[in-house]
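Please have the sequence and the 3D view open side by side. The report below walks through charge pairs, a metal site, a strand, a helix residue and a surface patch.

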Amino acid sequence: MSKTILQLENVNTYYGKIHALKDVSFEVNEGEIVTLIGSNGAGKTTTLKTISALLKPANGNVVYMGKKVNGSAPHLLTIEGIAHVPEGRKIFPRLTVEENLEMGAFSLKSQERIKRNKDYVFELFPRLLERRKQKGGTLSGGEQQMLAMGRGLMCDPKIMLLDEPSMGLAPMMIQTVFDIIKKLRSEGMTILLVEQNAGKALKLANKGYVLQTGSVILSGTGAELLKNDMVREAYLG
Amino acid sequence: MDTIKNYFRLIKEKQLIQLVLIFLAPILFYLFSKSSIIFLLFLASLFLLYRIRLDMKIKGIVALLDLLLIIPLAGLENSYYLGIITQIVIYAVLAIGLNVVIGFAGLLDLGYVGFYAVGAYLYAFFATSQANNVIPESIYQFPLSGNWFWLFLPLALIVSAGMGVLLGLPVLRLKGDYLAIVTLGFAEIIRIILNNADKPINLTNGPKGLTPVKPPEIFGIVMNQPIHFYFIVLVLFVIVFISAYRLDHSRIGRAWAAIREDELAARTMGIPLVRMKLLAFATGAGFAGMMGVVFAARQTFVDPSSFGFMESIGILAMVIMGGMGNIRGVIVGAAAVVILQLHLLKELSTFLTQLSVSGILYIPSQLDPAKYEKLVFGLILILMCVFRPKGLMPAKRTMELIKGFRKKLTKESLS
Ligand SMILES: Nc1ncnc2c1ncn2[C@@H]1O[C@H](COP(=O)(O)OP(=O)(O)OP(=O)(O)O)[C@@H](O)[C@H]1O
Ligand SMILES: [Mg+2]
């Protein structure tokens, strides 16, 4: 059994009166890909935002590396090694590819490490190297997703929260993105993956959780969930 | 082929004219330091000097000659234009400060002049006998000597920046336009306090203001001449320009850029949002406070009416006109606004009065252009919004983005 790196215990998050997360509990072990699936509005993005402290849970615990971190600040968690790659990529359109990457390393002080991470990202995404001087806003959708993931990798993360990385991409590009995710795991990265593309995500994942209107209704290994009738009907159609 | 050759010749001719202007205008200004047209020509030549493609060394030497020799020499002849240039430099510094807040960090600060007032009154309070209303004469006989002026520059910077932090701390946590409203209120509160804090203890002397404020002094020389203030202001300008430039190109500057682009993304990058905004807000406030000290010393008189809402709007207009986010553009904006306000409108109205007096053309005094300063201002800003929405000299990033989008659009329409 590997070590638990992230754990949610009965987390409840609200937007004003809207109860978006209801007693959500799950855990992510080191070196695993854990996927969170669910239909639109199920609360997947809200879960990631709660973990990275962009949102504060009303109650329950977010435990990261054995420490309770709810109520912490996003910039502190970045330093601790949580990288959040947000939904819709959110790259900086007017900064160049390289400047975007450097922004990702904002929490790092050592120029040497920033340089090393940049080289690593360029090795992982040769396309970004070709376009390092290009403005982020002029990249194609797929390239923007690569940039968003590369930017997330720049802060030396221990865990990456990926919010729908395949959204709006062509099948070829989706495959590339999933290949990269797999490769990252093989290099020891822990990944919490939110996906609409449930089939592909479950095939890859060690573990999965199904979220419905703010609650975890089902969990299991990727293979188990793939076989589950309810999952097949609702998400694999 | 011929047309291309012609085109190149044209460019060269245009450059030649510019070159001649750059070298000729300063000499003309030195010789005819009273002519309004030549004054404007000279300012245009300074602006051209920055734009023209020329060896940096030559550029630098000409700029130094212009700033350190021509302007002071012409100023000794005619201090009127020296005053205007000094005013331009003062407002350029203020606009650079506001640009850090608005252009760099994307925060709308409508009460910038409040911090200017804080700096001005801080110095005026101690550099007149006013301070004796609080501190008994037996302890110290105020005013402080002009030597203290130099200490008050950094002091006002720190005090104003501190006030910026106190004001920003609660507000910057909120989203949206709260900051604009709160800063607007802040400046008004400062002005009203200055107006009313003459009782029970007379701190500010109310609407009558404080005077005479001690001019700066160094090595026993009292610096109360226009030429002195020109040099003081020039030094401060260089300091502020370099600080703002370095901030823009630092890690912090990049964080501001990220916040401007996308706040959520910036936060997921681990950029401490509130701290970064606070830093920008306080930096701007500090620069304003420091210039307040210069204002008080230069006017030798401060009263609350100098720090009204229109003043904030004027500085805002400079930032918007020049091109938000671009330090150099903002300087051009400051020059344009000051010349318009202090010079062109005034000239125009004297010209029109002369016409009326000589009976050529009757213009009722209600139509005096000097009275329509705000209207002219408003018109210019509206025209700017329509024709140059990014300002006269937009920040590079803005320009490139526009170009990028155009390219993308044409590509898409082609395919
Ligand atoms: N800022 C907000 N204010 C109010 N309600 C919100 C806000 N953001 C999300 N919600 C609500 O919270 C619920 C969960 O939203 P969330 O964005 O987490 O869904 P999601 O699972 O990520 O959906 P999608 O797959 O469409 O991205 C939805 O009902 C949504 O309407
Ligand atoms: Mg979502």
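How many salt bridges does a search of the whole structure find over all chains? The search finds 15. Keep in mind that this is a predicted model.

| Pair | N to O distance | Separation in sequence |
|---|---|---|
| A:Lys207 and A:Glu32 | 3.6 Å | 175 residues |
| A:Lys133 and A:Glu98 | 3.0 Å | 35 residues |

Start with A:Lys207 and A:Glu32, whose side chains meet in a salt bridge. A:Lys207 belongs to strand S9 (residues 207–212) of chain A, and A:Glu32 sits in the loop between strand S2 (18–29) and strand S3 (33–37), so the pair ties together parts that are 175 residues apart in sequence. Both A:Lys207 and A:Glu32 are buried.

Is A:Glu98 buried or exposed? Its relative accessibility is 10%, so A:Glu98 counts as buried. A:Arg132 counts as partly exposed because its relative accessibility is 30%.

A:Glu98 also meets A:Lys133 in a salt bridge. A:Lys133 lies in the loop between H5 and H6 of chain A and A:Glu98 in helix H3, so this pair ties together parts that are 35 residues apart in sequence. A:Lys133 has a relative accessible area of 64%, so it is exposed. Which residues do salt bridges with shared partners join into one network? They are A:Glu98, A:Glu102, A:Lys118, A:Arg132, A:Lys133 and B:Arg254. As a general point, side chains of opposite charge can pair when their charged atoms come close.

**The magnesium ion**

Which protein donors does the magnesium ion (ligand 2) have? They are A:Thr45, through OG1, and A:Glu87, through OE. These donors lie 1.8 to 2.5 Å from the ion. A:Thr45 is in helix H1 (residues 44–51) of chain A and A:Glu87 is in the loop between strand S6 (82–85) and H3, so the pair ties together parts that are 42 residues apart in sequence. A:Glu87 is partly exposed, with a relative accessible area of 30%.

**Strand S6 of chain A**

Both faces of S6(A) are covered. On one side are A:Ile82 and A:His84, on the other A:Ala83 and A:Val85, and all are buried. In a regular strand the side chains alternate between the two faces of the sheet. S6(A) pairs with strand S7 (residues 159–163) of chain A in the parallel sense, over 4 bridges. A:Val85 stands opposite A:Leu162 in S7(A).

**A:Ile181 and its contacts**

A:Leu162 turns up again among the contacts of A:Ile181. A:Ile181 lies in helix H7 (residues 171–186) of chain A. Its relative accessible area is 0%, so A:Ile181 is buried. What does A:Ile181 contact, leaving aside its neighbours within four places in sequence? The contacts are A:Ile33, A:Met149, A:Leu162, A:Pro165, A:Ile191, A:Leu193 and A:Leu204. A:Ile181 and A:Glu27 are 154 residues apart in sequence, and their C-alpha atoms are 19 Å apart in space.

Chain B has 15 helices and 2 strands. Of its 415 residues, 46% count as buried. Among contacts in chain B between residues at least 6 apart in sequence, 74% join residues at least 24 apart. The accessible surface of chain B comes to about 21,200 Å², and 69% of it belongs to carbon and sulfur atoms.

Part of that surface is a nonpolar patch formed by B:Ile27, B:Tyr30, B:Leu31, B:Phe32, B:Ile61, B:Leu65, B:Leu69, B:Leu73 and B:Leu76. Together these residues have about 880 Å² of accessible area. Helix H1 (2–31) and helix H3 (56–77) of chain B each give two or more residues to the patch. The largest share, 5 residues, comes from H3(B). B:Leu69 is found in that helix. B:Leu69 has a relative accessible area of 44%, so it is partly exposed.

Notes. Residues are numbered from 1 along each chain as its sequence is written. Chains are lettered from A and ligands numbered from 1 in the order in which they are written. This is a predicted model: local features need pLDDT of at least 70, side-chain atom pairs count only at pLDDT 80 or more; totals for chains, interfaces and linings use all residues. Side-chain values use heavy atoms; hydrogens and water are left out. Patches are made of residues with over 30% relative accessible area and no salt bridge: like charges are joined within 9 Å, nonpolar side chains (Val, Leu, Ile, Met, Phe, Trp, Tyr) within 5 Å. Accessible areas come from the Shrake-Rupley method with a 1.4 Å probe; for residues, only the protein chains shown count as cover. A salt bridge is a side-chain nitrogen of Lys or Arg within 4 Å of a carboxyl oxygen of Asp or Glu. Buried means under 20% relative accessible area, exposed over 50%, partly exposed in between (1.4 Å probe, protein chains only). Donors are N, O and S atoms within 2.8 Å of the metal (3.2 Å for Na, K and Ca); water is not among the atoms, so sites may look incomplete. Two strands pair if DSSP finds at least two bridges between them. Contact means heavy atoms within 4.5 Å.
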